[in-house]
Amino acid sequence: MSNALLEVESPRLPPQPETPESWRRFFTFSTDHKVIGIQYIVTAFVFFLFGGILAMVMRGELITPEADLVDHTVYNGLFTMHGTIMLFMWTFPMLNGLANYLVPLMIGARDMAFPRLNAVAFWMVPVFGVILIASFFVPGGPSQSGWWAYPPVSLQNPTGNLINGQSLWLLAVALSGVSSIMGAVNIVTTIFRMRAPGMGWFKMPAFCWTVLSAQLIQLIGLPALTAGAVMLLLDLTVGTSFFEPSRGGDPVLYQHFFWFYSHPAVYVIILPIFGVFSEVFPVYSRKPLFGYKVVVVSSLLITTFSLIVWVHHMFASGTPGWMRMLFMFTTMAISIPTGIKVFAWVATVWGGKLRLTTAMLFALGGLFSFLFAGITGIMLASTPFDIHVNNTYFVVGHFHYVINGAVVMGFYAAIYHWFPKMTGRMYYEGLGKLHFALTFIGINLIFLPMHPLGLMGMPRRVASYDPEFAFWNVIASLGGFLLGVSTLPFLLNMLSSWSRGEAAGDNPWRAIGLEWLISSPPPHENFEEIPIVISPPYGYGSDEPLVSNNPAGAVNP
Amino acid sequence: MSSANVESAIDPQALNAQVAHVTETEEDNRMFGFIVFLLSESVIFLSFFVGYIVYKTSASATDWFPAGFEGLEIKAPLINTIVLVSSSFVIYFAERCLHRENLWGFRLFWLLTMAMGSFFLYGQAVEWMSLPFGFKSGVFGGTFYLLTGFHGLHVLTGVLLQGIMLGRSFIPNNYAEGEYGVAATSLFWHFVDVIWIVLFLLIYLWQ
């Protein structure tokens with residue numbers, strides 16, 4: 001197709017009735033991917049704050065060895081809801097928001113493939129969020145079985161009510177799955193079919209590759225969790241015996257269903273953040289992404305490997321020896337494609353003309369955390385070591401370095417990097433740097449002590465512990481409160497910059513990419529004219545333009 | 001911008017061509033998205049099938065079926081299977097008629113597909129009512145009703161979609177913008193069919 005074909009607006013897509021500049025559009029059923037993207041991000045961040053408050057209550061409880069601030073039952077509900085909110089209500093919607101906002105801009109599309117489906121998928125997020133939080137107020141309180149809801153613990157229903165914390169939990173998770181599948185179908189279709197003319201696969205920005213890899217995992221893995229959740233819900237409400245061992249059921253089968261999705265889910269979370277790193281490092285190093293093709297292909301390798309490692313969560317679940325060996329091997333093998341990426345980012349930054357803006361600092365901090373988590377990850381992949389630290393704070397420390405260290409810092413990097421594009425205004429660099437310092441210190445202060453605690457044998461998910469663990473717990477709790485405080489300069493910065501920040505201009509970072517060629521904030525239709533891409537991304541230090549200035553003479557895609 | 005764009009904006013014929021093109025792209029997107037969705041949906045069935053195989057292979061021969069139950073009757077389900085599988089061919093003929101703009105032929109074959117789907121659902125209901133065990137009768141009872149029930153819901157969805165498509169065929173010029181709805185319903189029907197074949201092999205033949 002030539003550019004001229006796409007020039008004329010289809011009469012079937014009338015202009016949106018809402019005024020583009022009003023803040024009210026964020027509270028409407030808008031089908032604009034940019035509005036939906038921001039809706040996702042802001043909603044998810046509200047849940048992030050809520051989950052963070054739960055975590056701070058837990059750290060407050062753990063500052064002394066006795067269970068004195070909250071009792072054991074409340075504590076069980078707290079860690080269950082903390083984990084569930086952070087995964088299903090914060091990371092997935094947040095990353096869907098980033099993908100929603102950025103992917104159509106980066107591939108040169110006017111919107112997602114299915115704008116209405118997109119809006120429906122978003123509006124399910126507040127619905128299942130409310131359902132989940134409502135479980136605090138039902139008799140018996142919220143689910144206490146941890147975010148993985150293993151039977152037979154999750155099959156206990158002491159109150160005897162049909163509507164209890166666990167059934168609401170399952171309902172919310174199932175709805176979250178429906179929303180995620182809608183999002184995944186939409187994003188995959190958009191990336192496959194709506195790229196601008198000339199944008200071949202190897203001219204697509206790395207962020208789009210990682211989003212595609214992550215959404216493929218959603219499509220393959222999520223139905224398995226849905227299957228397990230449906231069976232668990234039937235056990236709990238109807239009285240079937242799929243996972244009830246006393247009546248012939250198999251609780252370990254649930255673990256397989258659960259981890260077949262929920263291990264790859266961590267790659268759903270981290271892959272788009274890898275994409276953010278791949279976008280941010282070249283801009284602030286003024287160098288092309290090192291080994292672009294290998295980096296993007298390694299994303300698909302991670303997708304493939306991620307589907308065959310899930311049993312490493314079940315080394316202590318009566319798993320036979322050959323299975324332990326096999327999954328130990330595959331788990332270690334997945335560090336190869338991730339190692340490729342880490343190497344490429346270091347090589348990108350190496351010798352570059354660095355600008356340490358807030359986004360760059362957060363990306364570097366996220367990379368550091370990810371490297372640390374990768375090292376403890378290799379340790380945990382080894383079955384003998386894993387059996388030793390199974391269900392201890394070592395595991396908690398490891399995955400929080402991934403999810404809070406790499407993912408949350410990567411999220412902040414993305415927000416600071418694209419904030420001028422999203423709002424047309426510049427944030428305050430000083431507040432941003434303060435935010436980075438507090439976050440980086442807080443994360444290391446809370447999660448580093450968890451490693452010695454785990455090696456000493458402190459189990460996770462306990463409200464009271466032996467006094468010998470007190471020293472590291474006090475430090476971790478102080479770090480936790482610092483991490484809580486660190487969100488305040490961020491909120492202040494975002495709110496004040498959005499309302500009264502300086503005008504940012506269209507491309508304040510002198511970045512290369514389709515999203516930086518249009519005005520800030522982007523117009524409703526994104527591109528007045530669909531650009532024709534003629535060079536690969538990250539052309540820093542190259543004279544070749546990214547898009548053709550002469551659409552008439554352009555070659556076909 | 002370029003003169004080509006200006007020209008195309010005024011030339012009504014070119015404008016129509018472009019609108020047709022955009023419509024076509026949208027339709028392709030919808031079909032692509034629907035196929036992606038079906039592939040994902042098949043993983044749910046795959047999970048249930050794998051669960052069934054795990055349960056069946058790990059249970060001992062005596063405690064698999066509920067007490068006093070010898071095994072599933074195969075004759076009536078086999079007739080049901082033949083009807084459902086044949087309906088896949090019938091719906092294909094319906095689509096071919098639509099391609100040739102033979103609207104009444106389409107409606108006839110389409111209605112026949114709906115009848116065959118409804119017959120399948122009726123047969124399923126009759127079988128369910130004749131069985132001496134229920135949803136809560138151990139793991140076999142649970143998996144049997146879960147698999148046949150979940151598949152039956154898909155058949156019901158298929159028949160309802162077919163009803164909507166049949167009604168829409170009476171809207172004048174309904175197919176001027178393509179036949180996405182009919183094509184997607186038909187694809188869904190084939191999908192439901194293939195799932196049933198696997199299910200029949202697993203539950204009825206492998207006893």
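**Stop 1: a loop residue**

Select Arg286(A), which is partly exposed because 13 other C-beta atoms lie within 10 Å; the cut-offs are 20 or more such neighbours for buried, 12 or fewer for exposed and partly exposed in between, with C-beta atoms placed from the backbone. Arg286(A) sits in the loop between helix H7 (251-285) and helix H8 (292-306) of chain A. Its phi is near 55°, a positive value in a residue other than glycine.

This is a predicted model, in which local features need pLDDT of at least 70 and side-chain atom pairs count only at pLDDT 80 or more, while totals for chains, interfaces and linings use all residues. Residues are numbered from 1 along each chain as its sequence is written, and chains are lettered from A and ligands numbered from 1 in the order in which they are written.

**Stop 2: after H16**

Go to Asn526(A), in the segment after H16 of chain A. Asn526(A) has a positive phi of about 65° although it is not a glycine. It counts as partly exposed because it has 19 C-beta neighbours inside 10 Å.

In the segment after helix H16 (470-500) of chain A, select also Pro521(A). The peptide bond leading from Ser520(A) to Pro521(A) is cis, with omega near -15°.

**Stop 3: a proline pair**

Move to Pro152(A), in the loop between helix H4 (115-134) and helix H5 (165-193) of chain A. Which form does the peptide bond from Pro151(A) to Pro152(A) take? That bond is cis, and its omega is near 5°.

**Stop 4: inside H13**

Select His417(A), in helix H13 (residues 393-423) of chain A. Is His417(A) buried or exposed? His417(A) counts as buried because there are 22 C-beta neighbours inside 10 Å. Leaving out residues up to four places away in sequence, His417(A) touches Val280(A) and Ala359(A); contact here means C-beta atoms, placed from the backbone, within 7 Å. For a distance check, pick Thr80(A): its C-alpha atom is separated by 33 Å from that of His417(A), and the two residues are 337 apart along the chain.

**Stop 5: H3 against H6**

Colour helix H3 (residues 72-107) and helix H6 (residues 206-237) of chain A; their axes come within 10 Å and cross at roughly 130°. Axes are lines fitted to C-alpha atoms, for helices over the stretch in contact, and angles run from 0 to 180 degrees between N-to-C directions. H3(A) and H6(A) are therefore oblique to each other: under 35 degrees counts as roughly parallel, over 145 as roughly antiparallel, 65 to 115 as roughly perpendicular and the rest as oblique.

Show the side chains of Ala99(A), Leu102(A), Val103(A), Met106(A) and Ile107(A) in H3(A), which meet Phe207(A), Cys208(A) and Val211(A) in H6(A). By class, this contact of H3(A) with H6(A) has eight nonpolar, no polar and no charged residues; Ala, Val, Leu, Ile, Met, Phe, Trp, Tyr, Cys and Pro count as nonpolar, Asp, Glu, Lys and Arg as charged, and the others, Gly among them, as polar.

**Stop 6: whole chains**

Zoom out to chain A, with 16 helices and zero strands; helices (H or I, at least four residues) and strands (E, at least two) are DSSP runs, numbered from the N terminus. Of its 557 residues, 54% count as buried.

Finish on chain B, which has six helices and zero strands. Buried residues make up 28% of the 207 residues in chain B.

Note on methods. Two residues are in contact if their C-beta atoms, placed from the backbone, lie within 7 Å.
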